[in-house]
Amino acid sequence: MLGRLFGKIRSGLAKTKSVFTGVFDLLRGKGKVDQPFLDQLEQLLLRADVGPRATAEIVDQVRQAFRDKEVTGEVEAFVKQQLRDLLATETPGINWAAAGPTVVMIAGVNGSGKTTSIAKLAKRLQTDGKKVLVAACDTFRAAAVEQLTVWAGRIGCEIVKQGQGADPSAVAHDACEKAKARGFDVLIVDTAGRLHTQTHLMKELEKIHRVVAKQVPGAPHEVLLVLDATTGQNALTQAEQFSKSVRCSGIVLSKLDGTAKGGAVFAIKQKLGLPVKFVGLGEQLDDLEPFDPDAFVGELFEKE
Ligand SMILES: Nc1nc2c(ncn2[C@@H]2O[C@H](COP(=O)(O)OP(=O)(O)OP(=O)(O)O)[C@@H](O)[C@H]2O)c(=O)[nH]1
Ligand SMILES: [Mg+2]
């Protein structure tokens, strides 16, 4: 089981890893930690989507610690530790409600992977023994309700839905009532894709937020923003803009399998302070993993 899981993370990270190869080749090479070395480290980290701020911080720390010293294994270990520290979080996994249902709201732009991630998360939590309910609050498109219904059927979890065009907050309200009355452990709320510039849709999201907060104490316990990893630094801009309207608690980074831009996790955490809680590694139900910073950094630096 562990081998298979590790294999999936490994293959899911293959593309991201290929751009980090330059970083570890440099760190495992010969020479001195001089200005050309630091410049090259900077270029390579930027190319790996680590982002300007996080990159500047790492390069600065390396300069301070090793200036004009020989490049040894210590420099590599130091950079790895810097990368791990960037991702360190006090709130890994789901923030569970002390009592009653835990409400997880999912938000993000169109097509970022929200509905698929919900299905994967529901499956994972159900496998862990939780009683899971999903709410189809993307009432914008008929196909969206249908999509979640198909996933729920496949997983064998219950769903609360209404017709297309229904008020998403009303669906959220019903779902909260059901979750409380029927002893569900988790309610996962799907929402329609939206851009932060669509003011009325952002207001709608805030309304869903208000409704669940009123229905369930402490809810929403998580507001997870689903970001498409293939968009790299754009994902960062999206996260920044979304979190201005809705208080997000963490990120689901989807489609990591299809991109070399996974280094964006460093930029996201560094710039927004939002932890990446789960990563999507494919289109199937089993392709979601809790994000483990140590394993992530370790894997990036693992030689083939
Ligand atoms: N390769 C890969 N594809 C993914 C992953 N997650 C989602 N997808 C695909 O991305 C596409 C969009 O996924 P959805 O879950 O429908 O995205 P959404 O955010 O709900 O979309 P809207 O509701 O239209 O805003 C689908 O084709 C998914 O199969 C992932 O981790 N890896
Ligand atoms: Mg969707």
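This is a predicted model: local features need pLDDT of at least 70, side-chain atom pairs count only at pLDDT 80 or more; totals for chains, interfaces and linings use all residues.

Me: How compact is the protein chain, judged by the radius of gyration?
Reply: The protein chain has twelve helices and eight strands. The globule rule gives 19 Å for 304 residues. The radius of gyration is close to that value, so the chain is as compact as a globular protein of that length. The value is 21 Å.

Me: What percentage of the residues in the protein chain is buried?
Reply: A residue counts as buried if 20 or more other C-beta atoms lie within 10 Å of its own. The share is taken over the 304 residues of the chain. It comes to 47%.

Me: Which strands stand at the edges of the open sheet?
Reply: The sheet has eight strands with mixed pairing, in the order S3-S2-S4-S1-S5-S6-S7-S8. Each edge strand has a single partner strand, so one side is left without a neighbour in the sheet. The edge strands are S3 (158-160) and S8 (288-290).

Me: Which residue in S8 stands opposite valine 279?
Reply: Strand S7 covers residues 276-280. S7 and S8 pair in the antiparallel sense over three bridges. Opposite valine 279 stands glutamate 289.

Me: What angle does the direction of H6 make with that of S4?
Reply: H6 packs on the sheet and touches several strands, S4 (186-191) among them. The angle between the direction of H6 and that of S4 is about 170 degrees.

Me: Which helix gives the largest share of the shell around ligand 1?
Reply: The shell holds 21 residues, and Gly113, Thr115, Thr116, Gly193 and Gly280 come nearest. By class, the shell divides into three nonpolar, twelve polar and six charged residues. The largest share is three residues, and they come from helix H6 (residues 114-127).

Me: Which residue is joined to alanine 219 by a cis peptide bond?
Reply: Omega for this bond is about -10 degrees. The partner is proline 220.

Me: How many C-beta neighbours does lysine 255 have inside 10 Å?
Reply: Lysine 255 also has a positive phi, about 60 degrees, although it is not a glycine. It lies in the loop between S6 and helix H11 (264-272). Lysine 255 counts as buried because its neighbour count is 26.

Terms used. Residues are numbered from 1 along each chain as its sequence is written. Chains are lettered from A and ligands numbered from 1 in the order in which they are written. A residue is near a molecule or strand if its C-beta atom, placed from the backbone, lies within 6 Å of it. Helices (H or I, at least four residues) and strands (E, at least two) are DSSP runs, numbered from the N terminus. Ala, Val, Leu, Ile, Met, Phe, Trp, Tyr, Cys and Pro count as nonpolar, Asp, Glu, Lys and Arg as charged, and the others, Gly among them, as polar. Two strands pair if DSSP finds at least two bridges between them. Two residues are in contact if their C-beta atoms, placed from the backbone, lie within 7 Å. Axes are lines fitted to C-alpha atoms, for helices over the stretch in contact, and angles run from 0 to 180 degrees between N-to-C directions. The radius of gyration is taken over C-alpha atoms; the globule rule is 2.2 Å times the number of residues to the power 0.38. A residue is buried if 20 or more other C-beta atoms lie within 10 Å of its own, exposed if 12 or fewer, and partly exposed in between; C-beta atoms are placed from the backbone.
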